[in-house]
Structure formats: structure tokens, C-alpha cells
Amino acid sequence: MNSNLQAGAKLVDWHLCSDADVLSAVTQQNQAAFSTLVSRHYQAVYRVAWRACRNAADSEDVTQEAFLKLWNNPAQLRDGNALKGWLMRVASNAVMDRFRQKPMQDLDSAAHVADASVPADVSLDRTHVSQRVDQAIAELPERQRLALAMVHFEQMTNIAAANAMEISVDALESLLARARRALKNILAQDGKQLLAACVGEGD
Amino acid sequence: MEDEIMRDDELDKLLSNATVPAPASGFEQRLLVRIAPQTLGNVIAFPARKKTNSWLIGLPLAASLAIGLWLGSSGLDSSYLPSSTLLSDNSEDPSSTSFDDVAAFLEDSLT
């Protein structure tokens, strides 16, 4: 397959190929192949980065950093089928580096959720629920946010997420358990109202 | 069993309402634009180096080396260096200051 790809690279529809095959073309500095990998994975990487960074500008930078690292040295990724996990790892490391350098700015929507608690007599709509949940996630420590983003929101397996975060599966499960416990505590005050809003809008 | 603040399925229901962030439009294009100059930048065209007559530099250097070797072998260099005798004389100079002089100086300044 790889030799066929290299022989007729311009004729290949990269979208039909596996990550490993496309990656082998990227090592030849094939921009079309790289573009395919970007369109395949950039949204997932961006979402995880956004959960951790909590703002669009930093998330975009982190995502670009991950893909530029792939473009500049694709050979460092040995197993092409593990590309998504590798990108997540690079993005996670970039996020952690940024946390060390400077505290992240607050959520893009922070202005809307400055007052996190909701008065009892106020009926909530879905937007308020989203903002309240985002705010609760934002209050978690960054590693718990990363774990939650990968496993809960991106449906990565525990093993893949643990590899991406370069921790053991046990450590990842511990992070997830702590994250969920913390979220329950944070959302406990408005929990019934938030759930009622979810049900009220058709759930 | 301890009564939970919130059940797991309730938390999952709330989490399903979390914002799904999406990159701003044009993100993919901006990224691909960023790699384009890097591709070109991998090859840096340096200007051609000017050819110089290397013997014009080499000749004085060789002459300097030869003179140095000749001076070293003929012993003429010793006249340009301070003698070891002079150095030892300096170390025994009674006028040179020492720790004892500091104590004497302090006594003088107090009286």
C-alpha cells in the first residue's frame, strides 16, 4: 500500500486511506496528505485544548502547535494508527507548559457565567445549563479537565487517554473519579434546577 | 450507604449539555498557510561566497609562525620576559603590605 501511495501520490484520495498510510506520505512532505490529517483530527484536538485552556486563542495556538510538530517531524510518530493519541499528548503537554508559564485566561463565556449560582425562582434554559456546566468543568484542576475531555467528551478509551497523558490507567481512572466527584459537589447547589431545565426542554 | 449528592446518570445528563467548542472559521486554512513557508524555509539560499586569494592571508601567517619558531629556538625571547629573580625579589620586599600592616594601620588611626 505504502509503495502505491508514494508512486501515485497525486492520484490518491487521502480521505479513503488510514492514518498510517497518510502519515507515510506526510513524511515525504506531502501537503495534501497533511491537510487530510488536519481535517480529520483538528476539531478533536481543539476541543480537548479548549477544555483545558478555557479560551479560543490559546486553544487554537495549542492545536496549531501540535500539528506543526507533526509536520516538522512526522517520523517521531512510530505507529501511524496512534496518531490521534499522539496529537492529544502533544496538545496536553503544550497546555501544561502554558499553565506553567502563565495562568490561563478565563472562559470565553466567563462574562455570561460570572455569577455561577442561580436563584431558586429563576427558570433556566439550555444555554444557562451549558454555561453552568462549562463553569463547573473550568473549576476542576487542569489534569482532571484533560482526562474528562478525552474520555468523556472525545470517547477515548482509558488506555488511549492514559497514553496521551503519559500516566498509568489507574492514575487516569483516579483523575476521572475525582473530577466527577468534584463536579457533583460543584453542581449540587443548582443540580435539581439544571436537571429540570434539561427535562423541560425535551429530554 | 452514603446518600449521593447527585447520581452518575444525572451528572452525565448535565455533562451532555456542556458546550461543544468549535474552532473559528478558517482555522484549517490558517494552519495550512503556516506550514507553507516552513516548507520553503527548509532550504535557505545563502549568497555565494566570494573567492579570495588564500595565499595573501597564508603568507604572512606562515612568516609569523616561522619567526616565532626562530625566536623560540634561539633563546632571544627571554629578554622580553620578566626574570624569575625579579619576581622572587618582589616577594621579599619589606615594604610590601601584609596582614600585620593592617593591624598597625588601625592602631595608628585610633591614636
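Q: What percentage of the 203 residues in chain A is buried?
A: In this predicted model, buried residues account for 42% of the 203 residues in chain A. A residue is buried if 20 or more other C-beta atoms lie within 10 Å of its own, exposed if 12 or fewer, and partly exposed in between, with C-beta atoms placed from the backbone.

Q: Which conventions apply to the model and its numbering?
A: Because the model is predicted, local features need pLDDT of at least 70 and side-chain atom pairs count only at pLDDT 80 or more, while totals for chains, interfaces and linings use all residues. Residues are numbered from 1 along each chain as its sequence is written, and chains are lettered from A and ligands numbered from 1 in the order in which they are written.

Q: How many helices and strands are there in chain A?
A: Chain A has 10 helices and zero strands. These are DSSP runs numbered from the N terminus: helices are H or I with at least four residues, strands are E with at least two.

Q: Which residues have the most contacts inside the largest nonpolar core?
A: They are V45(A), V48(A), A49(A), A91(A), A147(A), M150(A) and A161(A), in a core of 64 residues. Helix α3 (residues 31-53) of chain A gives the most to this core, with 13 residues. A nonpolar core is a set of buried Ala, Val, Leu, Ile, Met, Phe, Trp, Tyr and Cys residues joined through C-beta atoms within 7 Å.

Q: And what is A161(A) in contact with, leaving aside neighbours within four places in sequence?
A: A161(A) is in contact with A147(A), M150(A), V151(A), M156(A) and L172(A). Two residues are in contact if their C-beta atoms, placed from the backbone, lie within 7 Å.

Q: Changing topic, how many residues of chain B are in contact with chain A?
A: On the chain B side there are 23 residues, in contact with 35 residues of chain A. The largest share of the chain B side, eight residues, comes from α2(B).

Q: Where is R54(A), and is it buried or exposed?
A: R54(A) is in the loop between α3 and α4 (56-72) of chain A. It is buried, because 23 other C-beta atoms lie within 10 Å. Its phi is positive, about 75 degrees, although R54(A) is not a glycine.

Q: What about phi of Q29(A)?
A: Phi of Q29(A) is near 60 degrees, a positive value in a residue other than glycine. Q29(A) lies in the loop between α2 (19-26) and α3 of chain A, and counts as partly exposed because it has 14 C-beta neighbours inside 10 Å.
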